[in-house]
Amino acid sequence: MKFRNEHDCIGQKEVPEDALYGAQTMRASENFRITGIPISHYPHIIYSLAQIKKAAALTNNELDKLDDEKTKAIVFACDELLADKYHDQFVVDIIQGGAGTSTNMNANEVIANIGLEHLGFKRGEYDNLHPNIHVNMAQSTNDVYPTCLRLTLIAKMDQLIESMEYLQESFAAKGKEFSHILKMGRTQLQDAVPMTLGQEFTSYSVMIGEDIERVREAKALICEINMGGTAIGTGLNAPPKYAELVTAKLKEISGFDLELAPDLVEATQDTGAYVQLSGVLKRVAVKISKICNDLRLLSSGPRCGLNEINLPRMAPGSSIMPGKVNPIIPEVVNQIAFTVIGSDVTVSMAAEAGQLELNVMEPVICASLLNSLTIMRRGFRTLADRCISGITANEDVCRGYVENSIGLVTALNPYIGYEKSTEVANEALKSGRSVYDIVIEKGYMSKEDLDKALSPAAMVHTHPLSLVETADE
């Protein structure tokens with residue numbers, strides 16, 4: 001391998017001759033062999049950095065700080081990155097010390113060297129286009145990195161919302177499909193009152209819909225950026241009007257509804273929006289995990305469990321037990337939820353660790369949030385496609401549980417009255433017979449009226465007054 005010599009404030013450093021990155025990126029790749037996951041693993045990080053550098057170059061040119069030739073070279077390089085070229089040159093580990101400086105410099109060096117070759121120079125001939133002087137003009141890692149993170153989060157949150165809407169629709173469709181199936185509702189794992197299987201699945205759809213709104217609310221906080229604040233928010237080395245202008249250009253380039261923070265000193269050190277987002281992701285994960293617990297319980301058996309629904313048979317479930325099939329899709333989503341919940345602790349601790357005018361722990365916040373958003377998006381799609389869409393109901397099992405449940409008397413209370421309901425419940429407990437049969441035998445309700453009272457329509461709507469006439473006076 002051939003090398004070229006570059007230098008930074010520490011000294012000389014050999015860099016592979018064909019590398020688009022430079023000395024500082026080389027040092028970072030040696031210093032931070034941590035996760036083995038480079039920033040290129042998340043292409044949106046590179047897109048975000050390219051959008052920021054492009055907006056900054058155009059702003060500096062408009063303010064007469066950067067000449068046309070260098071501006072065009074930087075813009076060309078950024079457009080190349082936005083076209084998915086040279087992403088393999090972003091080699092810095094996602095978790096790093098230095099508050100993201102290595103990520104910023106990786107971008108600065110790659111953009112400078114792409115621009116240099118576009119201008120007809122060799123890589124590393126930084127006198128003609130310098131990573132710090134020109135590409136990073138009027139910027140600091142402390143406004144570039146958090147802005148990059150926020151742009152990346154917005155894109156990933158949009159993807160998450162799409163997958164949540166997709167999952168919500170899957171549950172809603174099953175709610176309609178199962179609307180005619182009567183089953184027993186349960187509280188504390190004990191028989192409660194009848195309901196429809198459709199109501200159960202519709203409730204899951206509603207739960208997800210509520211959380212979609214919470215994600216949208218968190219996204220609004222993420223749209224506030226601190227570009228132009230430079231090192232600590234005071235705007236040192238940025239020309240007047242730069243902050244407002246670069247924000248406007250970045251809003252146009254990214255297509256996101258960005259706003260400049262009203263106080264850049266506060267915005268540079270405050271990571272509260274990340275904590276808010278992380279908490280929302282935890283909320284979503286907890287609720288989806290609860291739903292997956294329900295799916296595993298409702299499908300348990302098939303002979304010795306509830307067996308009210310059948311999950312799609314996705315894979316053999318055992319290396320020793322023939323014919324066993326496990327609920328592997330809900331199980332993997334449970335594990336995604338555990339990961340997201342753990343990541344929320346990481347984000348909380350990292351946000352708390354900020355000191356004075358900067359929080360240097362943003363790289364681990366970045367890694368945690370992006371990982372959570374990625375696995376949630378993939379997991380929800382997987383849950384919808386490989387589980388929910390293929391669920392079938394065991395209608396006879398569901399109906400049998402209702403007719404044999406003592407809890408049925410609660411649903412019949414408006415029709416036969418509390419005293420008769422108690423009498424029927426006690427007899428059913430002693431004899432082991434079904435409430436359904438005892439009610440008909442005693443003549444408290446006709447089979448026609450009883451079936452009407454236990455119809456899915458009666459479970460969804462108020463009991464019809466015509467049936468209440470049979471109740472005790």
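Me: Where is Ala99 found?
Reply: Ala99 is in the loop between α3 (68-82) and α4 (101-119). Helices here are DSSP runs of H or I with at least four residues, strands are runs of E with at least two, and both are numbered from the N terminus. This is a predicted model: local features need pLDDT of at least 70, side-chain atom pairs count only at pLDDT 80 or more, and totals for chains, interfaces and linings use all residues. Residues are numbered from 1 along each chain as its sequence is written, and side-chain values use heavy atoms, leaving out hydrogens and water.

Me: Why is Ala99 called buried?
Reply: Its relative accessibility is 6%. Buried means under 20% relative accessible area, exposed means over 50%, and partly exposed is in between (1.4 Å probe, protein chains only). So Ala99 counts as buried.

Me: What makes the bond between Gly301 and Pro302 cis?
Reply: Omega is about 5° for this peptide bond. Most peptide bonds are trans. Pro302 sits in the loop between α10 (272-298) and β7 (309-310).

Me: How many disulfides does the rule give?
Reply: The count is zero. A disulfide is counted when a pair of cysteine sulfur atoms lies within 2.5 Å.

Me: Why is Gly443 called exposed?
Reply: Its relative accessible area is 55%, so Gly443 is exposed. Gly443 is in the loop between α16 (435-441) and α17 (447-453). Its C-alpha atom is 37 Å from that of Ser300, 143 residues away along the chain.

Me: How do you know that β1 and β2 pair?
Reply: Two strands pair if DSSP finds at least two bridges between them. β1 (residues 3-7) and β2 (residues 12-16) have five bridges and run antiparallel. Asn5 has Glu14 in β2 as its bridge partner. This hairpin has four residues between its strands, and Gly11 takes a positive phi near 150°.

Me: What makes the side chains of β1 alternate?
Reply: Arg4 and Glu6 point to one face and are buried.

Me: What joins β3 to β4?
Reply: Five bridges join β3 (residues 182-187) to β4 (residues 190-196), and the strands run antiparallel. Arg186 stands opposite Asp191 in β4. Two residues lie between the strands of this hairpin, and Gln188 in the turn has a positive phi of about 55°.

Me: What are the domains of the chain?
Reply: They are domain 1 (3-137), domain 2 (143-169 + 196-392) and domain 3 (406-460). The bounds come from an automatic or database domain assignment. The centres of domain 2 and domain 3, taken over C-alpha atoms, are 46 Å apart.

Me: How many residues are in the largest nonpolar core?
Reply: It has 103 residues, and Leu153, Ile288 and Leu383 have the most contacts inside it. Such a core is a set of buried Ala, Val, Leu, Ile, Met, Phe, Trp, Tyr and Cys residues joined through side-chain atoms within 4.5 Å. Helix α6 (residues 141-177) gives the most, with 14 residues.

Me: How do you know that this core lies between domain 1 and domain 2?
Reply: Both domains give residues to the core, so it lies between them.

Me: Which residues is Ile288 in contact with?
Reply: Leaving aside neighbours within four places in sequence, Ile288 is in contact with Leu167, Ile208, Val333, Phe380 and Leu383. Contact means heavy atoms within 4.5 Å. Apart from this core lies another, of 21 residues, including Val424 and Tyr444.
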